[in-house]
Amino acid sequence: MTDGPQLGFDTLQIHAGAEPDPATGARQVPIYQTTAYVFRDADHAAKLFNLEEVGYIYSRLTNPTVAALQTRIAALEGGAGAVCCSSGHAAQIMALFPLMGPGRNVVASSRLYGGTITQFSQTIKRFGWSAKFVDFDDHAAVAAAIDDDTRAVFCEAIANPGGHISDLDAISAISDAAGIPLIVDNTTATPYLCNPIAHGATLVVHSTTKYLTGNGTVTGGCVVDSGKFDWTANDKFPSLSQPEPAYHGLTFAEALGPMAFTFHSIAIGLRDLGMTMNPQAAHYTLMGIETLSLRMDRHVENAQKLAQWLDDDPRVDYVTYAGLPASPYADLVPKICPKGAGALFTIAVKGGYDACVKLVDSLEIFSHVANLGDTRSLIIHSASTTHRQLTPEQQEAAGAGPSIVRLSIGIEDAKDLIADLDQALTKATS
Ligand SMILES: *Cc1c(COP(=O)(O)O)cnc(C)c1O
């Protein structure tokens, strides 16, 4: 099968990366539960280590089950290559790693998943990296935040938790003008709803833990490279454009062209950081991703119904869903995510913190968990959980204040979800 842009999304989500197993004819991708791969001879081994021939060496670097998933996600995103890793947070470090160095910074949206804000504002400082947080609706502020040490711009296509949409065309124009890549976290949109690369992104990161797997079984992450960024256009990315001492002086951009970033991520990133996805996790995600478009259509349909119902309910102050006509982001939906605004949004409950706590404790179908993108409907009170480490100002900026709960709408019957919210809101606000 040829994996080309001529094939539709529904075909690629099932077939991309999955030839019948050459050894057995197995139609499903086998779980290659092996650590190492026998070299044909010493010459073959040398060629593999020199990246002169592509093949399998050791499963910290590459594994055939993981490779099938990488090929599939790259095809769905329209990228040149992809590297899977152990979690979404690992993917973010893996995306920044070839670009950054001590003293360098990333300009990031203030409306990011709370865990990412903590990773970027605290943990990356230990590498000598830093992040500058900006309101990405204010494009002039994004441009102004970029300085000589900025090596990437980072935002979410549809932001967790509020479902706010980033104007990727406008933001990629700013990063292009500065000669640095735009990295888009496409976790909550998925490639079915949004194609960041078509809107100018260089790198796309995913928490495959969420919709791509879709069934709440495994954590994983992925970095997709568009293959379109010219790493040699300026001197900002020496690890890709200059001889890299960490790989016996190989110049990745020259030797590997559009696959430079992907090979760097495997040959140095996975080799030395070791944030590898295991083949069992890749298997569960391959199973889930086969039905991605069907699930996303239903997620969006249900989210639209529930957001509308909640918006009309007097017990709710406001609903942030960008699919509502009155949303300030409604105009971006047809441009950035034409098949729908996703299935993640927040509501502000009348009665504040106490009412929110009572609401999450009273629901019967919705589960109170720190996850999203499951077939099951999920709810979380961000201020007391995922966004607990943030300051009150950061919580407000991230759309996760004390009276706010985040809903991840599943693919159950919409009428049952509405009935569940109705009874729980009555208990929470009476
Ligand atoms: C969950 C999530 C992450 C982190 O992914 P993990 O797989 O939990 O490490 C990053 N970004 C977004 C938008 C997420 O929802």
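Visitor: What makes strand β4 (residues 150–156) and β5 a pair?

Guide: Bridges. Two strands pair if DSSP finds at least two bridges between them. Four bridges join β4 to β5, and the strands run parallel. The count meets the cut-off, so the two are called paired. Bear in mind that this is a predicted model.

Visitor: Which residue of β5 is the bridge partner of V153?

Guide: L182. L182 and V184 point one way from β5 (residues 182–185). I183 and D185 point the other way.

Visitor: Are these four residues of β5 buried or exposed?

Guide: All are buried, D185 included.

Visitor: What makes strand β12 (residues 404–408) "mostly covered"?

Guide: Five of its five residues are buried. Both faces are covered. I404, R406 and S408 lie on one side, V405 and L407 on the other.

Visitor: How do you know that β12 pairs with β9 and with β11?

Guide: Count the bridges again. Strand β9 (residues 344–349) and β12 share five, in the antiparallel sense. Strand β11 (residues 378–380) is joined to β12 by three, also antiparallel. At least two are needed, so both pairs qualify.

Visitor: Which residues of β12 are the bridge partners of T346, I380 and L378?

Guide: T346 has R406 as its partner. I380 has R406 as its partner too.

Visitor: What is the strand order in the open sheet?

Guide: The order is β8-β9-β12-β11-β10, five strands with mixed pairing.

Visitor: Why are β8 (316–319) and β10 (367–368) called edge strands?

Guide: Each pairs on one side only.

Visitor: Why is R104 called "partly exposed"?

Guide: Its relative accessible area is 28%. Buried means under 20% and exposed means over 50%.

Visitor: Where is R104, and which residues does R104 touch?

Guide: R104 sits in the loop between α4 (88–96) and β2 (105–109). Leaving out residues up to four places away in sequence, R104 touches G128, W129, S130, D149 and R151. Of these, R151 falls within β4 (residues 150–156). As for N160, 56 residues along the chain from R104, the two C-alpha atoms are separated by 26 Å.

Visitor: How do you know that the radius of gyration agrees with a compact globule?

Guide: Set the value against the rule. A compact globule of 430 residues would have a radius near 22 Å. The protein has 22 Å, so the two agree. Along its principal axes, the C-alpha trace spans about 75 × 55 × 35 Å.

Visitor: How much of the protein counts as buried, and how much area is exposed?

Guide: Of the 430 residues, 57% are buried. The protein exposes about 16600 Å². Carbon and sulfur atoms supply 55% of that area.

Visitor: What share of the contacts joins residues 24 or more positions apart?

Guide: Such residues account for 71% of the contacts with a separation of 6 or more. The fold has 17 helices and twelve strands.

Visitor: How far apart are the mean positions of the positive and negative charges?

Guide: They are 4 Å apart, for 28 positive and 45 negative charges.

How values were computed. Residues are numbered from 1 along each chain as its sequence is written. This is a predicted model: local features need pLDDT of at least 70, side-chain atom pairs count only at pLDDT 80 or more; totals for chains, interfaces and linings use all residues. Side-chain values use heavy atoms; hydrogens and water are left out. The radius of gyration is taken over C-alpha atoms; the globule rule is 2.2 Å times the number of residues to the power 0.38. Buried means under 20% relative accessible area, exposed over 50%, partly exposed in between (1.4 Å probe, protein chains only). Contact means heavy atoms within 4.5 Å. Accessible areas come from the Shrake-Rupley method with a 1.4 Å probe; for residues, only the protein chains shown count as cover. Lys and Arg count as positive and Asp and Glu as negative; His and the chain ends are not counted. The place of a charge is taken as NZ of Lys, CZ of Arg, CG of Asp or CD of Glu.
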